[in-house]
Amino acid sequence: MDPLSDWFPYPAYRPHQKEMLSAAASVARQGGILMIDAPTGSGKSAVVSALLSEARDRRIVVAVRTKSQLSTFLRELSLIRKKQPDLRYAYLIGKGQMCLLGGSGDVYRRCEGVKALSTSLIRDRAEAGSLVPAKDRVVRQQIRRMDPEKPLICPYFIHGRSFAAEEGEALRMIPSVLLRAKADHVLRESVAPESLPSLAGECCPYEVMLQAARSADVVLLNFHHVLDDAIRQQLYLQLGAEPQEVLLLIDEAHNCGDAMQSIQSVVLAEKDIEAAAHEIQPLRGKVREAEAVLPVLPRIRAFLGMLQGAREVEDWFDPAIFDRAVVQGSLYPSMEAIVDDLLVLSDAVRERSMVTGEFRESAAERLTGFLYRIHQSASDPAFLTLFRREAEEVVLEVKNIDPSAHLSEIASSHAACVMISGTLSPVTSFRRLYFGDLPVTTLMLPNAFPKVNRRLYLARDVSTAYRLRENREVTGRIDGYIRAFCTLPGNLAIYFPSYQILQQYAERSSGHLAGKEAFVEPREAQDAGTALRTFLSLPSRGKAGVLFAVCGGKWSEGLDYRGELLSGAMVVGLPLAPYTRVREMIIQYFRRRFGDEGEFLSYTLPAINRALQALGRVIRTPEDRGLLVLAEQRFLEPGVLAALPPWMQEERVETDLEGFRRGIAGWR
Ligand code: SF4
């Protein structure tokens, strides 16, 4: 009997799905890394059933990036549970979405702070004989008196704890009966994130899920939980999980590189240095290290001042010069010694802030983190030291440009690692980018949706290449493509390489949208949600609109525009990142690493991915129909064309503007 059929929750496999699940099961059995490029509709989320079929008491961790991915996996797991009623699963999304306590500052720090103070209070009471803190008179009084805007203790945490007193042993803090009952409930029944707070009641929803996760077969986490070393190590410790006993599944893996780079990068602004001085000043005479560190801060400020006059808005600076500017002439022999003292001071600042209910990351901590990272990465070419002029101030950054070392470390440390995405194309290039020469199995599935429901045009007579941006013939033809595209029925989306180009064409298209309402992507995230909701509501009211958006922006990724919500998408231009001196340095680094392929991996591949993401919003189910356009001749260059998914290469209709006008006339 095939073990997979015991776990696969559907009556039949989709085309090529069995092949994908067998590959995942084989990696779970033998260990290793597998990368799967599987277009929408391939049934990717069922990979979790393949891992379960070969789990053999090992835990499965699934990393997801968005709420909709989380819901997809929760749906999948609830279906599997119909076949395997003993299956237990839990999810830990960010504390920001689960925390019930009020107050300001970073939720993780606030939680850490109030938990420390709560623990100290309830332990004192337990030593006085009160083993159930939620019932203790003093604790209850403290909770009642607490300022909800500046909480020092957490009642939700307190309700989840009690103490066990065993003869001859110290008191042990354990999960309360209430917390364990709630966690059991969560493991038995599927509880959606929105219902979790009411189910958790007096307990903390995060703590309920954490308790449940300790005995779950599958734990759903977010990208940060898995990719950030410190968070992952702490979380695995809390779950009692050893990476070599965990099967790791990463969904939407095309985002892994960017997520890892942002986790590894640190930024320091001029205002951070001033704020750090402000925090450290009161420690003079109390903490010995303050006297020595304070004179170092003006040296860092002077270095930033020197960069004020730089011509470039963003550029590289030499970390050795920074090191000399800060260390030479100070009382310190090295940057390491400064970091050591700053660590002591950061702890002191933190303790002082916690007592007053202030749980933000302090500037002293940020400065310590920056100096530590710049010192660590000075000899590591995978990091660049950069400065940027933002408004009136200079910002320094230690930027990670190559995530492969860390991704390789994480993937190899697990029993097996499967990465899946609908846009991991070409999968062999992503393999090089993420894992270099590490042995990795790759799999690419064809598009499973009916061909008749889609048409892809590839324009050979337009481009947004820099040398052609002001060319009137070319810009006029782009206008022509946009206007012709807008005559198609239903909601449509047009994506551009940048806000600047978007603005230019959105303005020129106004009045030529075939009666459709225009929705232009705002720069600020808070305005984007309302506009998008209005746009998506149009078809149900018998209306239609055109979305003008940026590739890689707020309206181009992670959104499911099913059915009538979106009938077509056009990508204008190849959305390459701006070619700056810093970009050139990044490309050079990758050329040194990968030869000629380096430029493609670091520069062209992310642009192709952004375009594919944008076009991928349209056809989400086998019934969806959609017209797709790549309005950029550079997609026809051999290196770029070969990187498009095979179905796109095969089905593309190369066209000029006239051909496009004629061709789409019959598309309904
Ligand atoms: S224990 Fe839960 S409710 Fe309390 S601060 Fe932490 S996350 Fe928030």
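Which residues are closest to the ligand? C99, C111, C154, F157 and C204 are the closest, among 14 residues that surround the ligand. A residue counts as near a molecule or strand if its C-beta atom, placed from the backbone, lies within 6 Å of it.

The model is predicted: local features need pLDDT of at least 70, side-chain atom pairs count only at pLDDT 80 or more, and totals for chains, interfaces and linings use all residues. Residues are numbered from 1 along each chain as its sequence is written.

Three helices, α6 (107-127), α8 (155-159) and α11 (205-214), each supply at least two residues of the shell around the ligand. Helices (H or I, at least four residues) and strands (E, at least two) are DSSP runs, numbered from the N terminus. Helix α6 gives the largest share of the shell, four residues. By class, the shell holds 10 nonpolar, no polar and four charged residues. Here Ala, Val, Leu, Ile, Met, Phe, Trp, Tyr, Cys and Pro count as nonpolar; Asp, Glu, Lys and Arg count as charged; the others, Gly among them, count as polar.

The protein chain falls into four parts: domain 1 (1-87 + 217-252 + 422-446), domain 2 (96-205), domain 3 (264-400) and domain 4 (451-665). These bounds come from an automatic or database domain assignment. The centres of domain 1 and domain 4, taken over C-alpha atoms, are 30 Å apart. Their contact takes 13 residues from domain 1 and 18 residues from domain 4. Two residues are in contact if their C-beta atoms, placed from the backbone, lie within 7 Å. On the domain 1 side, helix α22 (residues 427-435) provides the largest share, three residues. That side has four nonpolar, eight polar and one charged residues.

An open sheet is formed by seven strands in the order β3-β6-β2-β7-β12-β1-β13, with parallel pairing. Strands pair if DSSP finds at least two bridges between them. The edge strands, β3 (89-92) and β13 (441-444), each pair on one side only. Neighbouring strands are turned by 15° against each other on average, direction ignored. Axes are lines fitted to C-alpha atoms, for helices over the stretch in contact, and angles run from 0 to 180 degrees between N-to-C directions.

Within the sheet, β2 (residues 59-64) and β6 (residues 218-222) run parallel and are joined by five bridges. I60 stands opposite V218 in β6. Helix α4 (residues 67-83) lies across β2, β3 and β6, and runs at about 150° to β2. Helix α22 also packs on the sheet, where α22 touches β1 (32-37) and β13. The direction of α22 makes about 140° with that of β1.
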